[in-house]
Structures are given as C-alpha cells and as structure tokens.
Amino acid sequence: MCLFGDDTKECVKCGKELTLDNFGPSSGGVYLRSECKGCINEAAKLVKILRKKISKPKETYTCPICEKNVTEIQGGAWCLDHCHETKTFRGWLCHKCNRALGNFDDNAELLIRAINYLRKDYDNDTEQTLL
C-alpha cells in the first residue's frame with residue numbers, strides 16, 4: 001500500500017516505502033522490480049561471497065528437485081540457492097527450480113498446499129470440465 005502517493009512503492013524485501021527511482025526495471029523492462037535497488041545489491045553481495053566460499057558442483061551433478069543435469073537445464077548454469085533469513089548456502093539448483101522456490105517465498109507450507117492442489121482428484125468434479 002502506498003502511503004505517500006503514486007510516486008512511491010513498498011519494497012517486498014525490506015518493507016520500506018521508497019520513491020520509484022529506488023526500483024530498477026524488471027528483466028523484461030515492462031514494469032519496476034518488487035525489490036528496491038538496495039535489497040538487490042545486498043543480495044548480490046551475499047551471493048558473491050557465497051560463490052567464493054562454495055565450490056561449484058561436479059560435472060555429473062543433477063538438480064535435487066527436477067533431477068536434470070547441466071546439459072538439460074535452462075541456461076546451462078547452476079544457481080546458488082541460499083536461505084534469505086540465515087544467509088546460508090542450501091545447495092545448487094537449476095534456474096527453473098530456484099525461481100519456483102522463490103515464487104513460493106521459500107515457504108514449505110505453501111509448497112505442501114501446492115502439492116496437495118496438484119494431487120486433487122478433479123475427475124469427479126464435472127463442473128470444472130472445460131471440454
């Protein structure tokens with residue numbers, strides 16, 4: 001919720017209400033990112049520090065979520081996954097799986113609900129049939 005008007009935005013990471021010049025464009029450039037530049041810079045510094053401390057995975061490594069290897073993953077590179085609260089390394093993931101966890105705010109309870117949703121039996125729900 002904007003407290004100061006349309007020329008401000010709240011950062012989803014730090015919760016501060018900031019002027020729009022504190023937010024960079026999205027990767028597609030269509031809208032402003034939800035995290036402020038300060039939070040993005042802080043996260044980038046942490047990843048840089050962790051990359052220096054943590055060795056890259058072996059060539060035979062597979063993503064622990066989708067089980068794809070480096071030749072099968074989007075972009076052909078591993079993402080360093082870390083806990084945003086403790087700032088500790090969790091493991092290497094493919095880009096797609098790393099983004100998926102981020103889209104669920106790294107929240108296990110939300111992921112369990114998503115799994116339960118996907119496992120729901122829709123065969124007996126005739127009102128939901130589209131075809």
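**Figure 1. The start of helix H3 in the predicted model.** At the start of H3, the backbone nitrogen of Glu109 has a side-chain oxygen of Asn107 within 2.9 Å. This is a predicted model. Helix H3 covers residues 108-119, which makes 12 residues. At 1.5 Å a residue the helix should span 16 Å, and its end C-alpha atoms are 16 Å apart, so the two values agree.

**Figure 2. The whole protein, for orientation.** The protein has 3 helices and 4 strands. Read from the N terminus on, its elements run β-β-α-β-β-α-α. The protein has 131 residues, of which 21% count as buried. Among contacts with a separation of 6 or more, 28% join residues 24 or more positions apart.

**Figure 3. The largest nonpolar core.** Which residues make up the largest nonpolar core? There are 11 of them: Leu46, Leu50, Cys63, Ile73, Trp78, Leu80, Trp92, Leu93, Cys94, Cys97 and Leu101. At least two residues of this core come from each of helix H1 (37-53), strand S4 (89-93) and helix H2 (95-103). Another core, of 5 residues, lies apart from it, and includes Leu18, Phe23, Cys36 and Cys39. In soluble globular proteins, nonpolar side chains tend to be buried together.

Figure 4. How many disulfides does a search of the whole structure find? The search finds 0. The cysteine sulfur closest to that of Cys36 belongs to Cys39 and is 3.6 Å away, which is too far for a bond because a disulfide requires sulfur atoms within 2.5 Å. Cys39 is likewise in no disulfide, with the sulfur of Cys36 as its nearest cysteine sulfur. Cys36 has 5% relative accessibility and therefore counts as buried. Cys39, at 15% relative accessibility, also counts as buried.

**Figure 5. Asp81 in strand S3.** Strand S3 spans residues 79-82 and contains Asp81. Is Asp81 buried or exposed? Its relative accessibility is 7%, so Asp81 counts as buried, the limit being under 20%. Leaving out residues up to four places away in sequence, Asp81 touches Thr88, Phe89, Arg90, Gly91, Leu93, Asn98 and Leu101.

**Figure 6. Phe89 in strand S4.** Phe89 is part of strand S4. At 27% relative accessibility, Phe89 counts as partly exposed. Which residues does Phe89 contact, leaving aside its neighbours within four places in sequence? They are Leu50, Ile54, Leu80, Asp81 and His82. The C-alpha atoms of Phe89 and Leu46 are 9.9 Å apart in space, while the two residues are 43 residues apart in sequence.

**Figure 7. Arg51 in helix H1.** Helix H1 holds Arg51. Its relative accessibility is 40%, so Arg51 counts as partly exposed. Apart from neighbours within four places in sequence, Arg51 is in contact with Trp78, Leu80 and Trp92. Along the chain, Arg51 and Leu80 are 29 residues apart, and 7.4 Å separates their C-alpha atoms.

Figure 8. Most residues other than glycine have a negative phi. Lys87 is not a glycine, yet has a positive phi of about 60°. Where does Lys87 lie? Lys87 is in the loop between S3 and S4. With 40% relative accessibility, Lys87 counts as partly exposed. Leu46 touches Lys87, and also His82, when residues up to four places away in sequence are not counted. Asp105, also not a glycine, has a positive phi of about 55°. The loop between H2 and H3 contains Asp105. At 62% relative accessibility, Asp105 counts as exposed, since the limit for that class is over 50%.

Key. Residues are numbered from 1 along each chain as its sequence is written. This is a predicted model: local features need pLDDT of at least 70, side-chain atom pairs count only at pLDDT 80 or more; totals for chains, interfaces and linings use all residues. Side-chain values use heavy atoms; hydrogens and water are left out. The expected span of a helix is 1.5 Å times one less than its number of residues. A polar contact is a pair of N or O atoms within 3.5 Å; within protein, one must be able to donate a hydrogen and the other to accept it, and residues adjacent in sequence count only if both atoms are side-chain atoms. Buried means under 20% relative accessible area, exposed over 50%, partly exposed in between (1.4 Å probe, protein chains only). Contact means heavy atoms within 4.5 Å. A nonpolar core is a set of buried Ala, Val, Leu, Ile, Met, Phe, Trp, Tyr and Cys residues joined through side-chain atoms within 4.5 Å.
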